[in-house]
Amino acid sequence: MEEKYSILDKINTPEDLQALPEKDMPELASQIRAFLVENVNRTGGHLASNLGVVELSIALHRVFSTPKDHIIWDVGHQSYVHKILTGRKDSFSHLRQIGGISGFTRREESEHDAFGAGHSSTSVSAALGFAEADKIKGSDAYTVAVIGDGAFTGGMVHEALNNIKKDLRLIIILNENEMSISKNIGGFAKYMAHIRTSRRYFQTKNRTISFLRKMPLLGKPLFSLIKKVKQWIKNSLYASNYFEELGLFYLGPADGNDYATVERVLRESKNKGESVVIHLKTKKGLGYSPAETQPDLFHSVYVNKKQGETFHEAFGDELVKLAEKDNRICAITAAMADGTGLNNFAKKYPDRFFDVGIAEEHALTFAAGLAADGMKPYFAVYSTFLQRGYDNLLHDIALQKLPVCICADRAGLAKSDGATHHGIFDVSFVSHIPEFSIYVPATLSSLREILKKSVDMSVPTLIRYPNSTDDAEITATFYPKGDYENFGIRCDFSTDDELDSIIISYGSIVKEAINAKKQLNTENIKAGLILLEKLKPYDIMAKELSLVLPKKKCGIVFLEEGIYYGGAGMLLRDELLRLDRGKEFAQAENYSILAIKDNFAIPCENTDYYSYCHISARDIIEEIKRKK
């Protein structure tokens with residue numbers, strides 16, 4: 001019986017791939033698809049997008065030679081086949097796991113990963129940097145950027161395109177797999193595309209150019225005239241091409257799932273010796289029926305799908321209810337309607353729903369414009385992507401005191417996607433922007449409550465919440481009577497209690513504080529818990545906190561699933577030191593902060609994130625015992 005991966009098992013390096021006969025490529029593509037489906041369904045990860053770029057990935061590694069040549073994948077979530085072909089096939093059993101290979105490209109992981117990724121629309125800028133560097137060094141290496149049509153909506157791509165020079169060994173592959181961005185539609189355009197990507201077209205074109213250039217006297221003028229006439233005819237028949245208007249040589253659109261066509265187009269681009277844009281059309285999920293019919297559903301496969309309503313689902317549901325009563329409410333997403341829970345809002349209120357594409361900066365300033373003209377905009381965005389709009393937060397929203405509500409989803413550590421998706425910086429960088437208020441609901445009910453209150457807020461607001469479901473223990477500890485309206489500070493002790501220590505926290509990591517308290521109780525160490533539902537303004541929160549602290553001084557451990565420097569723990573301590581009632585609790589010898597200290601939280605061994613970052617229940621216990 002033939003082995004399951006008879007051809008794929010022969011490939012451990014790109015050189016192994018290049019040594020195979022071309023006739024094996026269709027079967028190799030089939031085996032890679034089977035390998036992806038088997039492994040990604042077991043580990044979780046991005047499936048549909050990778051199934052769509054199998055032929056492209058194979059062709060890239062047969063035409064180009066990494067690591068000398070540089071292949072840069074935009075976002076990086078579609079680089080699984082690239083990883084398989086560059087010696088990481090045997091590591092797929094630990095894909096997206098601590099100590100295993102990343103679900104994105106990482107320079108530290110392999111010399112074949114030219115540039116790290118995880119956020120969208122960065123590939124063309126990075127590729128341009130590589131190409132210019134190679135030109136300066138006199139290198140004959142090629143740089144290839146692979147970017148999807150979704151990422152192409154990011155403004156940074158167009159900034160980079162505007163700076164590309166013609167004389168670079170730079171190839172940009174536009175992989176269109178979802179929405180059409182091409183003007184060239186209809187039968188004639190398809191016919192022209194077929195002609196321009198056929199083997200006969202390239203052969204005839206190259207022979208003609210060679211013949212004309214060799215002709216004495218008349219050759220060069222005749223070549224120039226023919227080129228101008230050709231451009232005039234093309235523009236007259238089916239309009240000018242965006243890339244060619246920028247001075248770039250354009251090929252396509254071509255079938256990106258036809259291996260022979262893809263390799264032929266790549267080789268022609270390589271032979272051009274100048275900056276080239278290749279437009280390919282691929283099918284997401286190709287070869288796996290469920291992913292073909294529902295590519296959005298199989299964009300990312302989850303192994304341990306969360307049971308119960310998630311925070312982003314509760315957010316979307318509540319915003320729909322609020323919009324029924326208030327026609328000022330608008331919802332904005334940066335190509336993440338499903339991931340942020342806004343699908344139902346989009347269906348029910350299409351005139352007040354805006355998907356701006358992968359353009360977080362625009363989304364924020366657009367929201368500012370809506371707010372300035374009397375609307376109530378809610379921008380739902382992953383915490384890690386909010387980083388991209390810092391200036392817009394500061395200059396366009398806060399400086400003008402506009403009541404924009406930023407709903408930061410996926411706040412906290414991203415335990416599968418890793419460093420590029422950790423939502424651990426938002427509290428720090430929003431905290432030092434004047435005018436902003438920051439709310440941190442820890443339960444679905446408290447999220448709904450703060451959303452209700454936010455409609456009438458007249459200041460810029462950040463509401464941050466995790467990628468999780470409700471935790472019954474957090475609810476039981478801090479909301480025993482179901483009272484969600486008094487939003488602010490929750491305690492599980494009274495001011496008359498004599499305690500050895502207090503653990504202050506916010507967000508879902510408060511569960512670690514609860515677990516620490518249980519263990520401390522077994523050792524007769526009395527600990528109290530404080531849950532913060534609001535962080536900023538810090539001076540107001542410090543005054544409110546000082547009123548609930550015990551009458552008798554005890555130690556404080558501030559726990560946060562965020563960055564240490566500039567985090568809530570530091571800022572709240574500074575404000576407590578200004579208060580007569582708070583200064584004795586906030587002295588350095590008495591006040592400890594457990595947070596992520598000056599690193600990107602990338603464990604290199606098989607341990608849990610909380611332990612690696614020293615913010616686990618065990619770390620809390622050790623810190624309290626050390627002070628006792």
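## Cores, sheet and rings in a predicted model

Serine 383 counts as buried because its relative accessibility is 1%, where buried means under 20% relative accessible area, exposed over 50% and partly exposed in between, using a 1.4 Å probe and protein chains only. This is a predicted model, in which local features need pLDDT of at least 70 and side-chain atom pairs count only at pLDDT 80 or more, while totals for chains, interfaces and linings use all residues. Residues are numbered from 1 along each chain as its sequence is written, and side-chain values use heavy atoms, with hydrogens and water left out.

Let's stay with serine 383 for a moment. Its place is in helix α17 (residues 383-386); helices (H or I, at least four residues) and strands (E, at least two) are DSSP runs, numbered from the N terminus. Setting aside neighbours within four places in sequence, serine 383 is in contact with Ala408, Asp409, Arg410, Ala411, Gly423, Ile424 and Asp426, contact meaning heavy atoms within 4.5 Å.

Now for the chain as a whole. The protein chain has 27 helices and 19 strands, and 57% of its 628 residues count as buried. Among contacts with a separation of 6 or more, 77% are made by residues 24 or more positions apart.

### The open sheet

Five strands make up an open sheet with parallel pairing, in the order β2-β3-β4-β6-β5; two strands pair if DSSP finds at least two bridges between them. The edges are taken by β2 (70-73) and β5 (249-255), each with a single partner strand, so one side of each has no neighbour in the sheet. From one strand to the next, the twist averages 15°. Axes here are lines fitted to C-alpha atoms, for helices over the stretch in contact, and angles run from 0 to 180 degrees between N-to-C directions.

Looking at individual pairs, β2 and β3 are joined in the parallel sense over four bridges, with histidine 70 opposite threonine 143 in β3. Strands β3 (residues 143-148) and β4 (residues 170-176) pair in the parallel sense over six bridges, and valine 146 has isoleucine 173 in β4 as its bridge partner.

In a regular strand, side chains alternate between the two faces of the sheet. Both faces of β2 are covered, with His70 and Ile72 buried on one side and Ile71 and Trp73 buried on the other. Helix α4 (residues 54-63) lies across β2, β3, β4 and β6 (276-281), and runs at about 160° to β2. Helix α12 (residues 259-272) also packs on the sheet, where it touches β4, β5 and β6 and makes about 175° with the direction of β5.

### Nonpolar cores

A nonpolar core is a set of buried Ala, Val, Leu, Ile, Met, Phe, Trp, Tyr and Cys residues joined through side-chain atoms within 4.5 Å. The largest one has 58 residues, and Leu393 and Ile406 have the most contacts inside it. Helix α16 (residues 360-372) supplies the largest share of this core, six residues. Beyond its neighbours within four places in sequence, isoleucine 406 has contacts that include Leu364, Phe379, Leu393 and Phe436. A second, separate core of 53 residues includes Ile11, Leu51, Leu85 and Val146.

### Aromatic rings and charges

Across the whole structure, a search finds 17 aromatic pairs. Rings of Phe, Tyr and Trp (its six-membered ring) pair if their centres lie within 6.5 Å; planes under 30 degrees apart count as stacked, over 60 as edge-to-face and the rest as tilted. Two of these pairs are set out here.

| Pair | Centre to centre | Angle between planes | Class |
|---|---|---|---|
| Phenylalanine 35 and phenylalanine 92 | 5.7 Å | 70° | edge-to-face |
| Tyrosine 382 and phenylalanine 385 | 5.6 Å | 10° | stacked |

Arginine 352 lies over the face of tyrosine 349 at 4.5 Å from the ring centre, and lysine 415 lies over the face of tyrosine 610 at 4.4 Å from the ring centre.

Key. A charge sits over a ring if NZ of Lys or CZ of Arg is within 6 Å of the ring centre and within 35 degrees of the ring normal.
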